[in-house]
Amino acid sequence: MQNDTYGQLEEILNLNKIKVQPQDQLSIIVSCKEEELASLVNLKRPTASGGGGESGRLVYTVDESGDINFPQLGKIHIAGLTREEISEKIGGLT
């Protein structure tokens, strides 16, 4: 960053290559043909207004070991993985 100019825009390359690390917070939404099955893992956090929506989605915090506790599947190690790799891993566990 030493050669950067203050206020200069810089293009971020490989945004999809960002890897998850401990203390990251993730929102994971599972989709499938059977909406009832997806609702088992797409849990919603209660909101003050009682409504759902994106703000009501559960957020999974990656623990110090790099794991999340996912409904119906238990602990899943995801530290060091990209978004695509996490999707493949969870999809392969079902």
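1. Leaving aside its neighbours within four places in sequence, with which residues is Ile28 in contact? In this predicted model, and with contact taken as heavy atoms within 4.5 Å, Ile28 is in contact with Asn42, Tyr60, Ile68, Phe70 and Ile90.

2. Residues are numbered from 1 along each chain as its sequence is written. Because the model is predicted, local features need pLDDT of at least 70 and side-chain atom pairs count only at pLDDT 80 or more, while totals for chains, interfaces and linings use all residues, and side-chain values use heavy atoms, with hydrogens and water left out.

3. The protein chain has 2 helices and 4 strands (DSSP runs, H or I of at least four residues for helices and E of at least two for strands, numbered from the N terminus), and along the sequence they follow the pattern β-α-β-β-β-α.

4. Asp67, which lies in strand S3, is buried (under 20% relative accessible area, 1.4 Å probe, protein chains only) yet has no salt bridge, the nearest side chain of opposite charge being Lys75 at 4.4 Å; a salt bridge would require a side-chain nitrogen of Lys or Arg within 4 Å of a carboxyl oxygen of Asp or Glu.

Note on methods: Buried means under 20% relative accessible area, exposed over 50%, partly exposed in between (1.4 Å probe, protein chains only). Lys and Arg count as positive and Asp and Glu as negative; His and the chain ends are not counted.
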